[in-house]
Amino acid sequence: MPSIADIETAIIGRISGALPYLRTCGSLSEFLGRDVEAIEEMAPLCPAAFVIYVRGKFSQKLSGFQDREMVFGVVVLVRNLRSESAVRHGSAEEKGVYDLLEDVRAALCGQSCGMEMDPLAPVSEQAVAGGRDFAVYEILFRTRCRFGDGQC
């Protein structure tokens with residue numbers, strides 16, 4: 001069974017390869033150290049995508065195997081000085097946050113990213129933060145791994 005870190009790294013690799021226009025793609029830990037209120041300092045990072053392991057749920061099988069259902073989040077960040085609408089919808093030269101959400105969904109949906117796991121399936125998406133010239137949204141994906149011999 002792949003580790004959580006292995007899956008996170010594989011998801012980052014898949015997004016980076018599929019969305020070459022991103023200026024930043026990495027672990028959410030890179031983002032957490034920054035103050036979202038100081039978005040001006042983050043402008044060179046945008047558009048950006050950050051991946052995080054959100055939660056897991058275990059189930060035991062009579063066969064002695066365990067399943068871990070996992071949820072990974074992809075936080076996307078877009079900044080556009082043109083207008084509030086351009087942040088969400090994009091402009092001729094730049095993608096909006098809705099475009100980025102759709103591109104991430106298309107890049108990950110049905111993918112196993114080279115790992116022994118169920119293909120990623122989108123679960124939900126939501127706004128996290130925003131303002132006149134920036135938007136932060138998150139899209140969640142579910143997957144599952146089977147492992148072990150029943151030993152905890």
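R68 sits in strand β3, which covers residues 66-79; helices (H or I, at least four residues) and strands (E, at least two) are DSSP runs, numbered from the N terminus. This is a predicted model, in which local features need pLDDT of at least 70 and side-chain atom pairs count only at pLDDT 80 or more, while totals for chains, interfaces and linings use all residues. Residues are numbered from 1 along each chain as its sequence is written, and side-chain values use heavy atoms, with hydrogens and water left out.

Now step back to the whole protein. It has 5 helices and 5 strands, and reading along the sequence gives the pattern α-β-α-α-β-β-α-α-β-β. Of its 152 residues, 42% count as buried. Among contacts between residues at least 6 apart in sequence, 61% join residues at least 24 apart.

What lies inside? In soluble globular proteins, nonpolar side chains tend to be buried together. A nonpolar core is a set of buried Ala, Val, Leu, Ile, Met, Phe, Trp, Tyr and Cys residues joined through side-chain atoms within 4.5 Å. The largest one here has 28 residues, and I11, I15, V74, V76, V104 and L108 touch the most other members. Two or more residues of this core come from each of α1 (4-18), β2, β3, α5 and β5 (134-147). A second, separate core of 8 residues includes L28, C46, A48 and F134.

C46 also leads us to a backbone feature: a cis peptide bond joins C46 and P47, with omega about 0°. P47 belongs to the loop between α3 (39-42) and β2 (48-60). Another cysteine, C113, has a positive phi, near 55°. C113 lies in the loop between α5 (97-108) and β4 (121-130). Most residues other than glycine have a negative phi, and most peptide bonds are trans.

Key
Buried means under 20% relative accessible area, exposed over 50%, partly exposed in between (1.4 Å probe, protein chains only). Contact means heavy atoms within 4.5 Å.
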